[in-house]
Amino acid sequence: LIIKKSKTFIEFLKYSSVGIVSLTIDFIFYNFFIYIFGISASNSKVFSFICGAINSFFMNKNFTFNSKEKNLIQPIKFIILYLISLYFNSKTHDFFLEFDIIYLPFVTATLVSVAINFSGQKLWVFKKVK
């Protein structure tokens, strides 16, 4: 199977590499908040998500979508997108907590966020105006 290297495909590959870094940050802080500070898993997921999101904004702006805009519109759009994503991330995480399978809540919540965030960043936050 030959995959055509479209602009969207290349952006998704870059987004995925940024995602691995952001996910690592998310995962480290998730565990840090739970095991070092004794914060509940539900609240730890919210806090760790925010840590990963901050990294994601700067890396996706500069590396993935190569955006040169220097206004407040992008950060505001990003925050709105990530608040929506955080809502679904948190709800998914808490739903899967009921299954009592280690890291299933974290993984499923992350997958939901990937779909929301890539689409939202490409089509709205960092969309290039022609």
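The model is a predicted one, and every value below is computed from it.

A search of the whole structure turns up two salt bridges. In one of them, the side chains of K122 and E11 meet with a distance of 2.6 Å from N to O. K122 belongs to helix α4 and E11 to helix α1, so this pair ties together parts that lie 111 residues apart in sequence. E11 counts as buried because its relative accessible area is 7%, and the cut-off for that class is under 20%. The other salt bridge joins D26 to K45, with the closest N and O atoms 2.8 Å apart. Here D26 lies in helix α1 and K45 in helix α2, so the parts tied together are 19 residues apart in sequence. Both D26 and K45 are buried.

Charge also gathers on the surface. A patch of positive charge there is made up of K7, K68, K70 and K128. Of these residues, K7 lies in helix α1, which covers residues 7–35. With a relative accessible area of 54%, K7 is exposed, as the class calls for a value over 50%.

The surface has a nonpolar patch as well. It is formed by L72, I76, I80, I84, Y87, F88, L123 and W124, which together have about 820 Å² of accessible area. Two helices, α3 (73–97) and α4 (104–125), each supply at least two residues of this patch. Helix α3 gives the most, with five residues. W124 is found in helix α4, and at 36% relative accessibility W124 counts as partly exposed.

A pair of aromatic rings is described by the distance of the centres and the angle of the planes. The count comes to 23 aromatic pairs. One of them brings together F32 and F37, whose ring centres are 5.2 Å apart and whose planes stand at 85°, so the pair is edge-to-face. Within this pair, F32 is partly exposed at 36% relative accessibility, while F37 is exposed at 52%. Y87 and F88 also form an edge-to-face pair, with 5.2 Å from centre to centre and 85° between the planes. Y87 has a relative accessible area of 46% and is partly exposed; F88, at 40%, is partly exposed too. Y87 and F88 are both among the residues of the nonpolar patch. Elsewhere, ring pairs link F12, Y15, F49, F57, F58, F65, F78, Y82, F118 and F126 into a cluster.

N66 has a positive phi of about 45°, although N66 is not a glycine. This residue is found in the loop between α2 and α3, and at 42% relative accessibility N66 counts as partly exposed. Y103 likewise has a positive phi, near 65°, and is a residue other than glycine. The place of Y103 is the loop between α3 and α4, where Y103 is partly exposed, with a relative accessibility of 29%.

I25, in helix α1, is partly exposed with a relative accessible area of 22%. Although I25 and S56 are 31 residues apart along the chain, their C-alpha atoms are separated by 9.9 Å. C51 lies in helix α2, residues 41–64, and is partly exposed at 22% relative accessibility. For C51 and I73, which are 22 residues apart along the chain, the separation of the C-alpha atoms is 21 Å.

Terms used: Residues are numbered from 1 along each chain as its sequence is written. This is a predicted model: local features need pLDDT of at least 70, side-chain atom pairs count only at pLDDT 80 or more; totals for chains, interfaces and linings use all residues. Side-chain values use heavy atoms; hydrogens and water are left out. Patches are made of residues with over 30% relative accessible area and no salt bridge: like charges are joined within 9 Å, nonpolar side chains (Val, Leu, Ile, Met, Phe, Trp, Tyr) within 5 Å. Accessible areas come from the Shrake-Rupley method with a 1.4 Å probe; for residues, only the protein chains shown count as cover. A salt bridge is a side-chain nitrogen of Lys or Arg within 4 Å of a carboxyl oxygen of Asp or Glu. Lys and Arg count as positive and Asp and Glu as negative; His and the chain ends are not counted. The place of a charge is taken as NZ of Lys, CZ of Arg, CG of Asp or CD of Glu. Helices (H or I, at least four residues) and strands (E, at least two) are DSSP runs, numbered from the N terminus. Buried means under 20% relative accessible area, exposed over 50%, partly exposed in between (1.4 Å probe, protein chains only). Rings of Phe, Tyr and Trp (its six-membered ring) pair if their centres lie within 6.5 Å; planes under 30 degrees apart count as stacked, over 60 as edge-to-face and the rest as tilted.
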